Amino acid sequence: MTELYDKYANAAERMLHFVETKTTDQAADVMRVPVADYLDQSRFDDEIARIFKRLPLMLALTIELPEPNDYKAMDVMGRPVLITRGKDGKARAFLNVCKHRAMHLAPEGKGNCARFACQYHGWTYANDGKLIGIAEASTFGDPDRQALHLTELPCDEAAGLIFVILTPDLPINAVEWMGGMYEDFAALKLATWYYHKSKPMKGANWKVAYDGYLEGYHFQAAHTNTVATRSPSNRASYEGFGPHIRLGFPQNSITRLKELPREEWGRQENKGYDFIRMLFPNMSFFLAPEMGQLAQLFPGPNANQNTTVMNYIFPVKPATPEALETLDKMCDFFFDVVEEEDYFLGLKVQNGLESGAMTHQTFGRNEPGNQFFHKWVAYYLDESGSTPVPVMKG
């Protein structure tokens, strides 16, 4: 933990410097990204195939499935996914499809059960995916039961997060995938938190939405009466860990750090600065003093659309109904800011991209996170292997 706090202190020192000198972290040059990257359906299909169906996606929090036999069934970009926790405590994931006639097995949502019965013909499966019952088996014949178990998806759990790859038989290691971000999430101990609720919102192309999370250049213009009252525009630190990013946004009160010993600066998150922790390609986590807002971004169904699910979690469950109601209102406030300001603007951006007004978007030197992100998208789309691995150090 001491080493992690030292890293946070270094970021805090940079953020303080940026506020005092009216500067920010910068890339080496400006970067142009073709507008077609946001519009072209064939490119979008490639992004789904090579990024969203081949990389680990954060699909559930440990605290959503805390007990044996808990499950979560969800639609993930048109694919029915079932995540279960077995009696052995292990999280597993499957395509939520009965192997008899392809009926969805478990209804979307969450629950607790040791076995699932298909509502079409009554075949039953254990929550480890094994077929355990064929209705009126004596009349059905003698199929290969091994071939009729649920289709398992690669799944791994670490630091309170459950990752799933939508393509069977690919290797998965959650700790390795998070890389240098694992320390951040392990330190948060998310597996001990209280899960409150989730709310979906509709948005533009997934990269338009992702772009919005990656810079504070827009704070003053877009969030004049909300975010900008807490954090100054165009002041941010960036650190890359593989394709993942930890952004640091100073608060207007960051100068208070000068009153503290330097060794305490790394422990002042939310007391002078904030971090946004991004896990490529679909997760953003903002830690507020009282709660956490965790966004899951899912592209589609068309190139100009995404659905983002906002999850709200608290370090400790509020002790009284009144305290819970207060925090619930805070969750709704954060949701409204994102939906009514960020995602509303994102839809306008999407319309502007579709207007034909320009051929490229230009990301400034002061938007290194966006540049880094688009370089990683290009890296994963390049099947030739000629694109270098993008690197960004704070």
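This dialogue goes through several features of a predicted model.

User: Let me start with burial. Is Q350 buried or exposed, and where does it lie?

Analyst: Burial is read from relative accessible area, with under 20% counting as buried. Q350 has a relative accessibility of 4%, so it counts as buried. The residue belongs to helix α9, which covers residues 321-354.

User: Which residues is Q350 in contact with, apart from its neighbours within four places in sequence?

Analyst: Contact here needs heavy atoms within 4.5 Å. With those neighbours set aside, Q350 touches Y38, L39, A204, N205, V208 and N304.

User: Next, the backbone. Which peptide bond that ends at P281 is cis, and where is P281?

Analyst: The value to look at is omega. For the bond from F280 to P281, omega is near 0°, and the bond is cis. P281 sits in the loop that runs between β16 (273-279) and β17 (283-287).

User: What is omega for the bond that joins G300 and P301?

Analyst: Omega is about 15° there, and this peptide bond is cis. P301 is placed in the loop between β18 (292-299) and β19 (306-314).

User: I also look at phi. What is phi of K22?

Analyst: The point to check is a positive phi in a residue other than glycine. K22 is such a case, with phi near 55°. K22 is in the loop between α1 (2-21) and β1 (31-34). Its relative accessibility is 64%; over 50% is exposed, so K22 counts as exposed.

User: What about phi of N270, and is N270 buried or exposed?

Analyst: N270 is not a glycine, yet its phi is positive, at about 75°. The loop between β15 (244-250) and β16 holds N270. With a relative accessible area of 13%, N270 is buried.

User: Turning to cysteines, how many disulfides are there?

Analyst: The test is whether two cysteine sulfur atoms lie within 2.5 Å. By that rule the count is 0 disulfides.

User: Now charged side chains. How many salt bridges does a search of the whole structure find?

Analyst: To count, a side-chain nitrogen of Lys or Arg must be within 4 Å of a carboxyl oxygen of Asp or Glu. The search of the whole structure gives 23 salt bridges. One of them joins D25 and R14, with the closest N and O atoms 3.1 Å apart. This pair links distant parts of the chain: D25 is in the loop between α1 and β1, R14 is in helix α1, and they are 11 residues apart. D25 has 14% relative accessibility, so it counts as buried.

User: Which residue meets the side chain of K258 in a salt bridge, and how many residues apart are the two?

Analyst: The partner of K258 is E20, at 2.3 Å from N to O. The two are 238 residues apart, with K258 in the loop between β15 and β16 and E20 in helix α1. K258 has a relative accessible area of 53%, so K258 is exposed. E20, at 41% relative accessibility, counts as partly exposed.

User: How should I read the salt bridge of R43 and E47?

Analyst: Start with the spacing along the helix. R43 and E47 are 4 residues apart in helix α3 (residues 41-52), so about one helical turn separates them. Their side chains meet at 3.0 Å, N to O. Both R43 and E47 are buried. Elsewhere, salt bridges that share partners join D184, E239, R246, E269 and R277 into one network.

User: Last, sheets. What is the order of the open sheet of 3 strands?

Analyst: Read a sheet by strand order, then by direction. The order is β2-β12-β11, and the pairing is antiparallel. β2 (57-61) and β11 (155-158) are the edge strands, each pairing on one side only. From one strand to the next, the twist averages 30°.

User: How many bridges join β11 to β12, and which residue stands opposite E157?

Analyst: β11 and β12 (residues 161-164) run antiparallel and are joined by 4 bridges. Opposite E157 stands I162, in β12.

Key:
Residues are numbered from 1 along each chain as its sequence is written. This is a predicted model: local features need pLDDT of at least 70, side-chain atom pairs count only at pLDDT 80 or more; totals for chains, interfaces and linings use all residues. Side-chain values use heavy atoms; hydrogens and water are left out. Buried means under 20% relative accessible area, exposed over 50%, partly exposed in between (1.4 Å probe, protein chains only). Two strands pair if DSSP finds at least two bridges between them. Axes are lines fitted to C-alpha atoms, for helices over the stretch in contact, and angles run from 0 to 180 degrees between N-to-C directions.
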